[in-house]
Structure formats: C-alpha cells, structure tokens
Amino acid sequence: MSESSKLNASMTQEEREEAKAMTDYLIGDEETSREDIIGRFSQNSQQYEKAMKGINFKCPMQTAQTAAELFPGERKDVYVLDVAAGTGLCADELYHHGFRTMDALDPSSKMLEEAKKKGLYGRYFIEVLGENAIDIENDTYDAVTISGLSLMVLKKMPLKAMEELIRIVKPGGYIINTAFYNLFPDDGDVKAVIFRENMKTLESQGKWQQVELRRFPEVIFGNEVAVSIHKVLV
C-alpha cells in the first residue's frame, strides 16, 4: 500500500469528505475563470497535499511510471519539465524512478513555494499555459509531464499552449498528460471538443503523434483516469 493509500485509510470519514469538498472547490466548474482557479490553488497551497492524499490521488504516480517506461535506461540526465507542477507531487514520484533533472512550471507562486521546500526542481517558472509564449528555449526538454492539470483549464487549453509545449521538447521526446479519460475520445466530454480538435490539428500538421492512450483502473469522483502519450516529431 502506498503512503497516500495508508494516509487515506487512516483518515476519518469526515476528513475524507473535507478532502473531496476541497478538491471540488479547486476544480471549479464551467463558469469558473482561470484566474479564480489559480487563486483557489494559491489560497489552499498548504492544505493541497493533504487533500490529494485524502482522495487517494494517484495521477502523479501513474505519470511517473509512464515516464519511466518511456525512458528505460539511466534517467538522471533525462530533462523533464513538470507542467502544473503544483507542490511537486509528480516530482516526488519521478525522483523515485531515478529522474534527477527536472524543472517546474505552474501559474501559482504559492504552490511553487511549497514545491521549493522539497528541493527537487532546478528551475521554477511561474507561467500560465495560454496564448502567451513560454520563456524557455526551443528543444530544451526530453519530456513534459502534466499530472492533474485543472480540468477546466485543460478543456479550454488553446492551440498556442500546446504548440509551446511541442516547441520546448526535443524531437523524439514525449508529452505525457494524465487526466480524466473522457477528455480524450471523440465520444467523451462534449465540453472538451476544443481540446480534442487542437490535439488532432497538431497531429495533422505533423508536429506530434499520439502513441498511446492508457486507461488506468482508477476512478476519481466517478471518472476514469488515463495517460495520453504524444511523441514530438518536429
């Protein structure tokens, strides 16, 4: 049993309900603006990890396991950008698999303050994934990991944001995105159409290729989880 599972099992029903309520609040809904979501994470940065353990959140573990399989050799020099890094939960898991060269990107300075306490990242970028350019050079990383990026932000992620992630990953590298499964298939979440169309546009342009959509036997709030793996081609 993982440490997260152990903690979840030791929590009272009331504590688990509080964790779920906080997670619901962080996720927001279709009417919640990106700015409000960032503010919510900032306000709850010190309680975030307890809430994630309370709901037995395993997305970081699944993301890191997938990254480890994609890089089966020596991993200490595999350069990873952890997007939506938050407090560093994914970095914890990546470190466990031997990754040692990692940077963090997150729009919340408060969340990154918590991450800095772990000392696992080399650089910290307070950046929003949107229409803006990211202040990172081309072909910098071997992989980008995205583990549990805000659902409402992900659904509305513009094409430019995906293009920026492709730009900073070396050709042949990977973008690993762990999220609710129903975001990815054509018959999935009807409000994630833009997200899916943008992914297909970049594939038709020869910029990346989805090499696997891996479903996991995990359910969060009634939703299955999956890891989408894209290989960068340019």
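**Labels and their cut-offs**

Mentor: D186 counts as exposed, at 57% relative accessibility. The model is predicted: local features need pLDDT of at least 70, side-chain atom pairs count only at pLDDT 80 or more, and totals for chains, interfaces and linings use all residues. Residues are numbered from 1 along each chain as its sequence is written, and side-chain values use heavy atoms, with hydrogens and water left out.

Trainee: Why is D186 called exposed?

Mentor: Exposed means over 50% relative accessible area, buried under 20%, and partly exposed in between (1.4 Å probe, protein chains only). D186 has 57%, so D186 is exposed.

Trainee: What makes K200 partly exposed?

Mentor: K200 has 46% relative accessibility. That value lies between 20% and 50%, so K200 is partly exposed.

Trainee: How do you know that K200 and D186 meet in a salt bridge?

Mentor: A salt bridge is a side-chain nitrogen of Lys or Arg within 4 Å of a carboxyl oxygen of Asp or Glu. From N to O, K200 and D186 are 2.5 Å apart, so the pair qualifies. K200 is in helix α10 (residues 193-204) and D186 in the loop between β5 (169-180) and α10, 14 residues apart. Helices (H or I, at least four residues) and strands (E, at least two) are DSSP runs, numbered from the N terminus.

Trainee: What makes D92 and K118 a salt bridge?

Mentor: Their N to O distance is 2.8 Å, within 4 Å, so the label applies. D92 is partly exposed at 30%, and K118 is partly exposed at 28%.
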